[in-house]
Amino acid sequence: HYGDVLFNFYAGEEFEALTRLEAYEHWGRMPHHQQDAALLAGGLYLSLGMHNEAGKRFASLLTDQVPAAIRNRAWFYLAKIWYERGYYDRSEQALGHISGELAPGLEAERQHLLVNVLMRQNRFDEAATRLGSWQGPADWMAFARFNLGVALVRQNRLQDADPVLTAVGT
């Protein structure tokens, strides 16, 4: 049953995947995939813009009974929800609960999210320092540096923004 849900998910049928996931959970058809299913459901609710329901799903995975890898991803997705809602301090706290590194793609997004959180809190020097020591995928680095450059321009810190944006442009 979980494979059926994943098939629909990877086929791009998110609503169908979520519908089947909810039905199979209700009928108790996925006993060996409960935590993965809860994480997937939270992600699907998040992609559909249903932040409250997504948050409930992710919060249910924040116990010591859940493997660290799943718990870390739940913290990451909660951080995204808090960021999207403008609760930057809560987003930063959620990111701080992640122990170790996430999978490479998510780890890059995690660092990018943290840099954006810092910039939204007008902590540009911390964001620049973090970017200076971060060695992530080039595309995520470019996004993060561009965002930092624009934020510095908006703060009228043109001398600080110039080398950042020049580096992105070249």
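**Two helices side by side**

Author: In this predicted model, helices α5 and α6 are roughly antiparallel to each other, and the reasoning behind that word can be followed step by step. Two packed helices are described by the angle between their axes together with the distance between those axes. For the pair considered here, α5 covers residues 68–85 and α6 covers residues 88–96, and their axes come within 8 Å while crossing at roughly 170 degrees. Angles over 145 degrees count as roughly antiparallel, and α5 and α6 are therefore given that description.

Which residues make the contact between the two helices? On the side of α5 they are W75, F76, A79, W82 and Y83, and on the side of α6 they are Y88, R90, S91, A94 and L95.

With this pair in mind, the chain as a whole can be described. The protein chain holds 10 helices and zero strands, so that reading from the N terminus gives the order α-α-α-α-α-α-α-α-α-α. Along its principal axes, the C-alpha trace spans about 60 × 30 × 25 Å. Of the 170 residues in the chain, 38% are buried, and the chain exposes about 9700 Å², of which carbon and sulfur atoms supply 51%. When contacts between residues at least 6 apart in sequence are considered, 46% of them join residues at least 24 apart.

Leaving aside neighbours within four places in sequence, H112 is in contact with W134, W140, F143, A144 and N147. One of these, F143, is 31 residues away from H112 along the chain, yet the C-alpha atoms of the two are separated by 7.9 Å.

N122 lies in the loop between α7 and α8, the latter being residues 124–133, and its phi is near 60 degrees, a positive value in a residue other than glycine. At 52% relative accessibility, N122 counts as exposed. N156, for its part, lies in the loop between α9 (138–154) and α10 (158–169), with a phi near 65 degrees, which is again a positive value in a residue other than glycine. The relative accessible area of N156 is 62%, and N156 is exposed.

W27 lies in the loop between α2 (14–26) and α3 (34–47), and W27 is exposed, with a relative accessible area of 52%. From W27 to G96 there are 69 residues in sequence and 36 Å in space, taken from C-alpha to C-alpha, and residue 96 is where the range of α6 ends.

How values were computed
Residues numbered from 1 in each chain as written. Predicted model: local features only at pLDDT ≥ 70, side-chain atom pairs only at ≥ 80, totals over all residues. Heavy atoms only, no water. Helix = DSSP H or I, 4+ residues; strand = E, 2+ residues; numbered from the N terminus. Buried < 20%, exposed > 50% of the residue type's maximum accessible area, 1.4 Å probe, protein only. Contact = heavy atoms within 4.5 Å. Areas by Shrake-Rupley, 256 points an atom, 1.4 Å probe, with all protein chains shown as cover. Axes fitted to C-alpha atoms, helices over the stretch in contact; angles between N-to-C directions. Parallel < 35°, antiparallel > 145°, perpendicular 65-115°, else oblique.
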